[in-house]
Amino acid sequence: MAKPAQGTKYRGSIHDFPDFDPSRDAEALYTAMKGFGSDKEAILELITSRSNRQRQEICQSYKSLYGKDLMADLKSEISGDLARLILGLMMPPAHYDAKQLKKAMEGAGTDEKALIEILATRTNAEIRAICEAYKEDYHKSLEDALSSDTSGHFKRILISLATGNREEGGEDRDQAREDAQVAAEILEIADTPSGDKTSLETRFMTILCTRSYQHLRRVFQEFVKMTNYDVEHTIKKEMSGDVRDVFVAIVQSVKNKPLFFADKLYKSMKGAGTDEKTLTRIMISRSEIDLLNIRREFIEKYDKSLHQAIEGDTSGDFLKALLAICGGED
């Protein structure tokens, strides 16, 4: 598995548009939506080539020029997958993530995959911003929402991730050996006396949810030395259900976050139907962070570019918008 070099530079596919003029863009969007039938191509071309910060400025200009809400106007002009994608791009990232978490907890069933994907991969700063946005938009804390929607050990893990309190320092070798020992005991639980298991599980959760990425990489190396096994494979073998899934996601994210997302994108387009929700969510949320790195991992692992995969799996304006975010062929 390709490891990102310690100083890997994450690069997004969308950047600030040069020679940016929010009023001019607001006018262009207004014109594209005026009259009978909208010019969808003009809309998606403009929005996918501006950074999120610039899109927020366009919203403000639109409001002051026309006294109207750009999001509401867009909503009335476009629908379906394209609308989800374009409106998602228009939201500030923390509010977008908060909305995805809210959606994952709405209705009858919980979308555990979405909860895991977001909470296991965001940085402390991103998590804290999401918590603020959640409170602002839904008048309830994210922790309370997770509490009422999930249960047991899975709930404790998600709430721990949602505090955004991961350490940010380097590695501590002695501590890493101790942490690897705890992991080895919990993952070979056969010989642990039953009374001990819960406290071990809690310690394992604390290690995965609060240690810095750099420290955890060292823990995984120590684990291999100690057991001759890879921690990810061992978790997959020894654990089950949502707890296994969230632990695997944390480990994969620590090892190589762009690869984690490349795998998720691949799965969203594999087989008969497309999982548009996951595809849309990842393309939007990673567009300004590490989408170029994700593209590189994608082509390396699957022997076809993300661009090709999207082309073979989607169509129409939704396809055009996704390719614009993707930012080119590899």
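Guide: Happy to. Ala-249 counts as buried because its relative accessibility is 3%; buried means under 20% relative accessible area, exposed over 50%, and partly exposed in between (1.4 Å probe, protein chains only). Keep in mind that this is a predicted model, where local features need pLDDT of at least 70, side-chain atom pairs count only at pLDDT 80 or more, and totals for chains, interfaces and linings use all residues. Residues are numbered from 1 along each chain as its sequence is written, and side-chain values use heavy atoms, with hydrogens and water left out.

Visitor: Which helix is Ala-249 found in?

Guide: Ala-249 belongs to helix H15, residues 241-269. Helices (H or I, at least four residues) and strands (E, at least two) are DSSP runs, numbered from the N terminus.

Visitor: And what is Ala-249 in contact with, leaving aside its neighbours within four places in sequence?

Guide: Ile-116, Ala-120 and Phe-260. Contact here means heavy atoms within 4.5 Å.

Visitor: Switching topic, what domains does the chain have?

Guide: The assignment gives domain 1 (22-90), domain 2 (93-163), domain 3 (173-255) and domain 4 (257-326). Those bounds come from an automatic or database domain assignment.

Visitor: How many residues does the contact take from domain 2 and from domain 3?

Guide: Domain 2 puts in 11 residues and domain 3 puts in 13 residues. Between them about 1,100 Å² is buried, with 74% of that from carbon and sulfur atoms. Buried area is the accessible area (1.4 Å probe) that two parts lose on being put together, summed over both.

Visitor: Which residues of domain 2 lose the most area to domain 3?

Guide: Ile-116, His-153 and Ile-157, which together make up 44% of what that side buries.

Visitor: How many salt bridges cross that interface?

Guide: Zero by the rule used, which asks for a side-chain nitrogen of Lys or Arg within 4 Å of a carboxyl oxygen of Asp or Glu.

Visitor: Which elements give two or more residues to the domain 2 side?

Guide: Helix H7 (112-119) and helix H10 (152-161) do, on the side that touches domain 3. H10 gives the most, with seven residues.
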